[in-house]
Amino acid sequence: RKAGRDFGAGARDVRNRSSGAFAAIRSLLTSEDADDATIEQRIRTRLGRLVSHPGAIEVAVVEGEATLLGSVLESELDDLLTGVTRVKGVTRVWNQLEVYPSPTGVPELQGGVVRERAPRRHTIDVRKTIDVAAPLEDVWALWSDFTRFPRFMTHLREVRTTGAGRSHWVATGPLGTPAEWDAEITDWRERERIAWRSVEGSAIDTAGEVRFRPRDDGGTRIEVRLACAPPAGALGEAVAAFFGSHPKRQIDDDMVRLKSLLETGRTTAGRSRVRLEDVQGNPTGGRIEPSS
């Protein structure tokens, strides 16, 4: 039993240190000049919205660095650290809290209303509209087969079919690490609209749609909307903070290459030259047909 208690305490200590380190990183983005007394008052004012027992937490601020002492419930720790780092003027957060899985046996955590911590994700919403000097039939033929995307979309490593209306996607994530998820088609209207979303349980929540509209000059207008949310927790927050601009930049780059492919028959992806006839060749992943 003693070994179990020691192990649990060690695990909590590692977790607390990790949360504290992440809080320090986030604070770099939210710092602002202010005197310590003002910053401390701001933190105390916010505590009531972050934890169920704000009186159990002591706050000390020195040169913008906030030290948190006292007791807190484990389910409220992440919200507390994240909330304090967002207080204007905080340059760093030192976590010296005693963390408890429940208020049982902890006098300062008795009473109050325990807040349920709902997993939150920073959602990135990107929209893009582009006109292509190519007929709707050609645009649809290229867009309606997702397995061809990795040939000219540089952030995608692989797209393959896994069943009726379902596909598996592998993209290049932060620092070059792979990000994988499964998606399903939610709407399929020939030459008009394709909509999709990640399946339940995927590491990355994503959904989107693309609409196609013929133009009077014989070209096609493409409207893309993509929403995605990185994984919940500290890692996901870091991804959203430091890589949140990537989806928009990626879509912009992808649309430029798509436009070049359809209008000139060639483009450049990374260091490779890509020709339209190569992209239109037999896909390796199998065509993703909509489910019936």
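These legends walk through several close-up views of one predicted model.

**Before you start.** Local features are described where pLDDT is at least 70, side-chain atom pairs count only at pLDDT 80 or more, and totals for chains, interfaces and linings use all residues of this predicted model. Residues are numbered from 1 along each chain as its sequence is written, and side-chain values use heavy atoms, with hydrogens and water left out.

Figure 1. Helices (H or I, at least four residues) and strands (E, at least two) are DSSP runs, numbered from the N terminus. Of the 292 residues, 41% count as buried; here buried means under 20% relative accessible area, exposed over 50%, and partly exposed in between, with a 1.4 Å probe and protein chains only. Among contacts with a separation of 6 or more, 59% link residues 24 or more positions apart. A contact means heavy atoms within 4.5 Å.

**Figure 2. An open sheet of three strands, in the order β1-β2-β3.** The pairing in this sheet is mixed, and two strands pair if DSSP finds at least two bridges between them. β1 (57-62) and β3 (92-100) stand at the edges with a single partner strand each, so one side of each is left without a neighbour in the sheet. From one strand to the next, the twist averages 10°. Strand β2 (residues 65-73) runs parallel to β3, and nine bridges join the two. One place to look is Ala-66, which stands opposite Val-93 in β3.

**Figure 3. Helices α2 and α3 lying across the three-stranded sheet.** Helix α2 (residues 36-50) lies across β1 and β2, and runs at about 155° to β1. Helix α3 (residues 74-85) lies across β1, β2 and β3, at about 160° to β2. Axes are lines fitted to C-alpha atoms, for helices over the stretch in contact, and angles run from 0 to 180 degrees between N-to-C directions.

**Figure 4. An open sheet of seven strands with antiparallel pairing.** Follow the strands in the order β4-β10-β9-β8-β7-β6-β5. At the edges are β4 (124-132) and β5 (156-163), each pairing on one side only. The twist averages 20° from one strand to the next. Helix α4 (residues 136-143) lies across β7, β8, β9 (205-214) and β10 (220-229), running at about 160° to β9.

**Figure 5. Strand β6 and its partners β5 and β7.** β6 is mostly covered, with five of its seven residues buried. Six bridges join β5 to β6 in an antiparallel run, and Thr-161 has Ser-167 in β6 as its bridge partner. The hairpin of β5 and β6 has two residues between the strands, and there Gly-165 takes a positive phi near 75°. On to β7: seven bridges join β6 to this strand, again antiparallel, and Thr-172 has Pro-178 in β7 as its bridge partner. β7 also pairs with strand β8 (residues 193-198) in the antiparallel sense over six bridges, where Ala-183 stands opposite Ser-198 in β8.

**Figure 6. The one cavity of 30 Å³ or more in the structure.** About 40 Å³ of space lies in the largest cavity. On a 1 Å grid over the protein atoms alone, a cavity is a set of points where a 1.4 Å probe fits but cannot get out, and lining residues have an atom within 4 Å of a point. Grid points are joined across faces, edges and corners, and a volume is the space filled by probe spheres set on the points. The lining is made by Phe-146, Gly-165, Ser-167, Trp-169, Ala-183, Glu-184, Ile-185 and Trp-196. β6 (166-172) and β7 (178-189) are the elements that give two or more residues to this lining, and β7 supplies the largest share, three residues. By class, the lining has five nonpolar, two polar and one charged residues. Ala, Val, Leu, Ile, Met, Phe, Trp, Tyr, Cys and Pro count as nonpolar, Asp, Glu, Lys and Arg as charged, and the others, Gly among them, as polar.

**Figure 7. Glu-209 in strand β9.** Glu-209 counts as buried because its relative accessibility is 18%. Leaving out residues up to four places away in sequence, Glu-209 touches Arg-193, Ile-194, Ala-195, Trp-196, Glu-223, Val-224 and Arg-225. Glu-209 and Trp-196 are 13 residues apart in sequence and 6.3 Å apart in space, C-alpha to C-alpha.

**Figure 8. Asp-254 in helix α6 (residues 246-264).** With 3% relative accessibility, Asp-254 counts as buried. Its contacts, not counting residues up to four places away in sequence, are Phe-152, Met-153, Thr-154 and His-155.

Notes: On a 1 Å grid over the protein atoms alone, a cavity is a set of points where a 1.4 Å probe fits but cannot get out, and a pocket is an open set with protein on both sides within 12 Å along at least five of seven lines; lining residues have an atom within 4 Å of a point.
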